[in-house]
Amino acid sequence: MLEERLPSAVRETLKAVGEAADAAGFPVYLVGGIVRDLLLRKENLDVDIVVEGDGIIFAGMLVRQLGAA
């Protein structure tokens, strides 16, 4: 469904989030309305991610990985 419903830029970002989370040992989950709307085949680009653990540390790691800092 992700391949079918989400633009490539969003998929690539979610992949980067997943890879960073795996490398750091942080479980992450796609949550919220986007999950519902994927199942209902409705367009929604409001992406919410939950991080188990220290979200601030994970965000810093992700920023460095993506070269956004």
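Trainee: How do I read the crossing of α2 and α4, as left-handed or right-handed?

Mentor: The crossing of α2 and α4 is right-handed. A crossing counts as right-handed if the near helix is turned clockwise from the far one by less than a right angle, and as left-handed if anticlockwise. Before we go on, this is a predicted model, where local features need pLDDT of at least 70, side-chain atom pairs count only at pLDDT 80 or more, and totals for chains, interfaces and linings use all residues. Residues are numbered from 1 along each chain as its sequence is written, and side-chain values use heavy atoms, with hydrogens and water left out.

Trainee: At what angle do α2 and α4 pack?

Mentor: Two packed helices are described by the angle between their axes and the distance between the axes. Here helix α2 (residues 8–24) and helix α4 (residues 55–66) pack at about 120°, and their axes are 10 Å apart. That makes α2 oblique to α4, the label for what is left once under 35 degrees is roughly parallel, over 145 roughly antiparallel and 65 to 115 roughly perpendicular. Axes are lines fitted to C-alpha atoms, for helices over the stretch in contact, with angles from 0 to 180 degrees between N-to-C directions.

Trainee: Which residues of α2 and α4 meet?

Mentor: From α2 you get Ala16, Val17, Glu19, Ala20, Ala21 and Ala24, and from α4 Phe58, Met61, Leu62, Gln65 and Leu66, with contact meaning heavy atoms within 4.5 Å. By class, the contact of α2 with α4 has 9 nonpolar, 1 polar and 1 charged residues. Ala, Val, Leu, Ile, Met, Phe, Trp, Tyr, Cys and Pro count as nonpolar, Asp, Glu, Lys and Arg as charged, and the others, Gly among them, as polar.

Trainee: What pattern do the elements follow along the sequence?

Mentor: The pattern is α-α-β-α-β-α, from 4 helices and 2 strands. These are DSSP runs numbered from the N terminus: helices are H or I, at least four residues, and strands are E, at least two.

Trainee: Which residues line the largest pocket?

Mentor: Rolling a probe the size of a water molecule over the atoms shows where empty space is left. Leu2, Glu3, Arg11, Leu14, Lys15, Val17, Gly18, Val28, Tyr29, Leu30 and Ile49 line the largest pocket. A pocket is an open set of points on a 1 Å grid over the protein atoms alone, with protein on both sides within 12 Å along at least five of seven lines; lining residues have an atom within 4 Å of a point. The largest share of that lining, 5 residues, comes from α2.

Conventions
On a 1 Å grid over the protein atoms alone, a cavity is a set of points where a 1.4 Å probe fits but cannot get out, and a pocket is an open set with protein on both sides within 12 Å along at least five of seven lines; lining residues have an atom within 4 Å of a point.
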